[in-house]
Amino acid sequence: MADPGTVTAAIANNVRAQRAHRGLTLDALAARSGVSRGMLVQIEQCRTNPSVTTLTRIADALGVTVARLVEVSDTPVVRVVAAADAATLWRSDQGGSARLLLGSDAPAILELWDWTLQPGEFHDGDAHPPGTREMLTVLSGELTLSVYGSSHVLKKDDAVLFSADRPHRYANEGGGALRFVMVVTEPREALDQ
């Protein structure tokens, strides 16, 4: 697994570089992302490990994937990410985790995630930009997916596609560990609006 200090340093460098590439001030990025200027300063100075929600807001404002912000090295034509190098962006005290395996931002934003939730755990996802879709399949356990007031129970090998431009929740209401993989796709047009 990538060292947390290495990932934090990569985030600092990548946020600063992406912001500079777009000619944005800290204040402009704060206004676009909804992340405070103070938090952006802490991130760019490598003084904090931002949450998945914070990274998602910054990535959306910059028009890149979260994966782009946590990349430790440049993206080659063919990119192989060893399991040990995947970035764990959320971890619970009970053993749940969300690992961003890889992502791309051309021609559309595309991310591949590996999630684990222990019994009783859940994660609330914020609404993504309009047009964002998520696809996932359950590898083990049982997932209760709640989107826009409706809950859907998925068992091992079940798959789902949904509009993720509204708040959603992944929950493990079963008795055993839950593991699922998820693909998030966001159209480039959403970034230009």
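Analyst: Happy to! Glu-44 pairs with Arg-19 in a salt bridge whose closest N and O atoms are 2.7 Å apart. Please keep in mind that this is a predicted model. The two partners come from distant parts of the chain, 25 residues apart: Arg-19 belongs to helix α1 (residues 4-21), and Glu-44 to helix α3 (residues 37-44). Both Glu-44 and Arg-19 are buried.

Now to helix α3 itself. Which residues of α3 are buried? They are Leu-40, Val-41, Ile-43 and Glu-44. These residues sit on the same side of α3, because the arc they cover around the axis is only 165°. So what covers the buried residues of α3? The cover includes α1, α2 (26-33) and α4 (52-62). Just after α3, the chain reaches Cys-46, which takes a positive phi of about 60°.

From the side of α4, Thr-54 is a handy residue to look at, as it lies in that helix. Is Thr-54 buried or exposed? Thr-54 counts as buried because its relative accessibility is 14%, and the cut-off for buried is under 20%. Setting aside neighbours within four places in sequence, Thr-54 is in contact with Val-35, Met-39 and Ile-43. Ile-43 is also one of the buried residues of α3.

Asp-114 forms one with Arg-99, with the closest N and O atoms 3.3 Å apart. This pair, too, links distant parts of the chain: Asp-114 is in strand β3 (residues 109-117) and Arg-99 in strand β2 (residues 97-104), 15 residues apart. Asp-114 has a relative accessible area of 5%, so it is buried.

The other one joins Asp-165 and Arg-166, where the closest N and O atoms are 3.2 Å apart. Asp-165 is partly exposed, with a relative accessible area of 27%, and Arg-166 is partly exposed with a value of 27% as well. Elsewhere, salt bridges that share partners bring Arg-99, Asp-114 and Arg-179 together in one network.

Methods
Residues are numbered from 1 along each chain as its sequence is written. This is a predicted model: local features need pLDDT of at least 70, side-chain atom pairs count only at pLDDT 80 or more; totals for chains, interfaces and linings use all residues. Side-chain values use heavy atoms; hydrogens and water are left out. A salt bridge is a side-chain nitrogen of Lys or Arg within 4 Å of a carboxyl oxygen of Asp or Glu. Helices (H or I, at least four residues) and strands (E, at least two) are DSSP runs, numbered from the N terminus. Buried means under 20% relative accessible area, exposed over 50%, partly exposed in between (1.4 Å probe, protein chains only). The arc is that of the directions from the helix axis to the C-beta atoms. Contact means heavy atoms within 4.5 Å.
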